[in-house]
Amino acid sequence: MKATLVIKNVDNLITLKGENKPRVKESLKDIGIIKNGIIALNGEKIIYVGEGELPSDIIVDEDTIILNGIGKTVTPGLVDSHTHLVHGGSRENELAMKLKGVPYLDILAAGGGIHSTVKSTKEATFEELYNQGKKSLDTMLKFGVTTIEAKSGYGIDDFDTELKQLEVANKLNEDHHVDIVSTFMGAHAVPKDYRDNPDEFVDIIIKDMIPEVARRKLAKFCDVFCEEGVFTIDQSRKILLAAREYGMEPKLHADEIEPLGGAELSAEIGCITADHLIAASDIGIEQMAKSGVIANLLPGTSFNLQTGKFARARKMVEAGVPIALSTDYNPGSCPTENLQLIMSFGSLIMKLTPEEVITAVTINGAAALGLEREVGSLEIGKRGDIVMFDSPNLEYIIYHFGVNHVDTVVKKGKIAYKNNTI
């Protein structure tokens, strides 16, 4: 078989080779390092991963692209499995309030927070949202991200805006190097007109919005912000079970601020992920472990909100909960596309080892999107999504934080980014 692209002489080739399922406990550290590694691709697919030289049955000719991995660390393409990619405007005007210690829910109640983004997103054209989303995707790609999840949720009381967000995400998925998996999040906040009767809005989501999103095939997942002052446990359960009937798998913004029981609900329903989990209870964590719910942890949000509270990552790992790490990129609570910075937060703040961190943003991140059989590890038959880091080892990527260590990004077997050129 002919190799169309080869990366050879790799100092540290991190394969994440193993079962195509979320890793837990000690398996989080089993990252499959190969010294003096080599990897070969034919078109979009990986055809060989090993040490030293290629076997004789793989042909290299003058058309084969050869990349030299001396001094490099090579990993699967990074997966950012929780973002709010498509939105209008930004919210830097809230910085002063945050510096004064105003809680997010108070900013929300005053008409700021998500309500500000809802207004900007509604007023933005398709082209404006597309261009803003593309700019962020370009940045994510430069940081080594090859697959993301993108949530809607900034339409809320205007369903056309929700649909516009999802349509923009789908168009970007068609056009951009980075693959996008869409999530419908009409239940991101309760509209002002329904504050006195939120159950009426829940009925609208269930009877009108979910069926239409499903009919148009605009989203793979459905998510709900289950939190005090937003959607209750019962309301969240009703929305997610209804979405499942229409073919959308459930996710949950759970226990971000208050221990409402979101972790327990995610286990009861069998959500693919429960996200945030800063206030998750011991019982909720235990139940997530039993049900195999992936904890999608977002330390950048805690850092930016300056609450001093982070999800108990070590507790979750010890309990056997599979963990993923994501940016939660959004215009309010975490305006960063830098997944490498989140990796450093995961280690320096949450005390995850570098091995646990890289697992959380590769194979476990892929599993958080139901893509673990396609991406997330470097194995024969999987998609050729690969990152070359200009770093002597994995630890250095975590240790030397706040900068971009990426040298080259290969997406579906083609060079998508190299030397600051997309």
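1. The second largest pocket has a volume of about 300 Å³. A pocket here is an open set of points on a 1 Å grid over the protein atoms alone, with protein on both sides within 12 Å along at least five of seven lines. Volume is the space filled by probe spheres set on the points, which are joined across faces, edges and corners; the probe is 1.4 Å. Of its 18 lining residues (an atom within 4 Å of a point), K98, N304, P331, G332 and P335 are closest to the centre.

2. This is a predicted model: local features need pLDDT of at least 70, side-chain atom pairs count only at pLDDT 80 or more, and totals for chains, interfaces and linings use all residues. Residues are numbered from 1 along each chain as its sequence is written, and side-chain values use heavy atoms, leaving out hydrogens and water.

3. The largest pocket has a volume of about 410 Å³. It is lined by 17 residues, with P103, Y104, I257, L305 and T307 nearest its centre. Helix 2 (residues 104-109) gives the most to this lining, 3 residues. Helices (H or I, at least four residues) and strands (E, at least two) are DSSP runs, numbered from the N terminus.

4. An open sheet holds 8 strands in the order 6-7-8-9-10-11-12-13, with parallel pairing (at least two DSSP bridges between two strands). Strand 6 (78-80) and strand 13 (323-325) are at the edges with a single partner strand each, so one side of each has no neighbour in the sheet.

5. Strand 10 (residues 249-254) and strand 11 (residues 273-276) run parallel, joined by 4 bridges. K251 has T273 of strand 11 as its bridge partner.
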